[in-house]
Amino acid sequence: VPYKKVELAVQTFRGTGKKLVVIGDGPERAKLEQQAAENIRFLGWADSQTLRQYYSSCRALIFPGEEDFGITPVEAQACGKPVIAYRRGGAMETVLGFDAKNEGRCSGVFFDRQTPEALQAAIEQLEKLNWDANFIRRHSQKFSRERFEQEIRQFIHQKVQDYFG
């Protein structure tokens with residue numbers, strides 16, 4: 001769908017020779033496939049096992065759109081992979097961006113304008129950095145189901161204690 005800005009990724013990768021795999025399906029797919037070059041592959045819908053395989057073998061996840069939360073960056077980070085994300089929305093909460101002082105202690109690179117030039121600059125920056133897959137994986141655990149369940153139980157328990165004494 002347009003708000004995911006897959007077209008930006010296709011435009012950026014077209015003609016670079018770098019491999020881009022687009023996973024998912026939607027009303028924009030046919031148009032995007034027509035715009036794509038040979039280095040861009042459209043996989044379509046994928047089950048969770050296939051997604052995990054692609055996350056595990058990719059260099060990084062490209063996340064060019066703005067979403068309230070966006071589970072995709074968290075899933076990629078759970079596989080130890082860095083994220084290249086537009087600096088807006090949920091990515092600001094789920095991705096620890098590189099800031100020139102935290103190499104090895106970050107989980108991605110941000111870009112500020114949704115243009116091929118800005119995305120390309122972020123890709124180039126990511127390729128120059130050393131990434132710690134274990135750090136990235138640990139960072140993703142902040143968004144785990146187990147942590148959520150534990151903290152919501154603690155919150156409810158505390159509120160019950162506060163109310164009833």
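**A guided reading of the structure**

Helix 6 has 13 residues, which at 1.5 Å a residue should span 18 Å, and the 19 Å between its end C-alpha atoms agrees with this. The expected span is 1.5 Å times one less than the number of residues in the helix. Helices (H or I, at least four residues) and strands (E, at least two) are DSSP runs, numbered from the N terminus. The model is a predicted one, in which local features need pLDDT of at least 70 and side-chain atom pairs count only at pLDDT 80 or more, whereas totals for chains, interfaces and linings use all residues. Residues are numbered from 1 along each chain as its sequence is written, and side-chain values use heavy atoms, with hydrogens and water left out.

The protein as a whole contains eight helices and five strands. Read from the N terminus on, these elements follow the order α-β-α-β-α-β-α-β-α-β-α-α-α. The C-alpha atoms fill a box of roughly 65 × 40 × 30 Å along the principal axes. Of the 165 residues, 36% are buried; here buried means under 20% relative accessible area, exposed means over 50%, and partly exposed lies in between (1.4 Å probe, protein chains only). Among the contacts with a separation of 6 or more, 54% join residues 24 or more positions apart, a contact being heavy atoms within 4.5 Å.

Helix 6 may now be placed among the other elements. Its buried residues are A118, L119, Q120, A122, I123 and L126. The elements that cover these buried residues include helix 1, strand 3, strand 4 (83–86) and strand 5 (108–111). Helix 1 contains T12, which counts as buried because its relative accessibility is 5%. Neighbours within four places in sequence aside, T12 is in contact with P116, L119, Q120 and I123. The side chain of T12 also has a polar atom 2.7 Å from the backbone oxygen of L8. This is a polar contact, a pair of N or O atoms within 3.5 Å; within protein, one must be able to donate a hydrogen and the other to accept it, and residues adjacent in sequence count only if both atoms are side-chain atoms.

The next residues lie further along the chain. In the loop between helix 5 (91–94) and strand 5 stands N102, which is buried because its relative accessible area is 10%. The side chain of N102 reaches the backbone nitrogen of D99 at 2.9 Å. The loop between helix 5 and strand 5 also holds A100, which counts as exposed because its relative accessibility is 65%. Phi of A100 is near 80°, a positive value in a residue other than glycine. F135, in helix 7 (residues 133–140), is 33 residues from N102 in sequence and 12 Å from it in space, C-alpha to C-alpha. Beyond residues up to four places away in sequence, F135 touches L96, G104, R105 and C106. F135 is buried, since its relative accessible area is 18%.

The empty spaces complete the picture. Rolling a probe the size of a water molecule over the atoms shows where empty space is left. On a 1 Å grid over the protein atoms alone, a pocket is an open set of points where a 1.4 Å probe fits, with protein on both sides within 12 Å along at least five of seven lines, and lining residues have an atom within 4 Å of a point. Grid points are joined across faces, edges and corners, and a volume is the space filled by probe spheres set on the points.

The largest pocket has a volume of about 1200 Å³. Its lining consists of 40 residues, and V21, V22, I23, L61 and I62 lie nearest its centre. Elements that supply at least two lining residues include helix 1 (6–13), strand 1 (20–23), strand 3 (61–63) and helix 6 (116–128). The lining divides into 25 nonpolar, five polar and ten charged residues. For this division, Ala, Val, Leu, Ile, Met, Phe, Trp, Tyr, Cys and Pro count as nonpolar, Asp, Glu, Lys and Arg as charged, and the others, Gly among them, as polar.

The second largest pocket holds about 230 Å³ of space. Residues I71, V74, E75, A78, S140, Q141, F143, S144, R145 and E146 line this pocket. Two or more of them come from each of helix 4 and helix 8 (145–164), and helix 4 gives the largest share, four residues. By class, the lining of the second largest pocket has four nonpolar, three polar and three charged residues.
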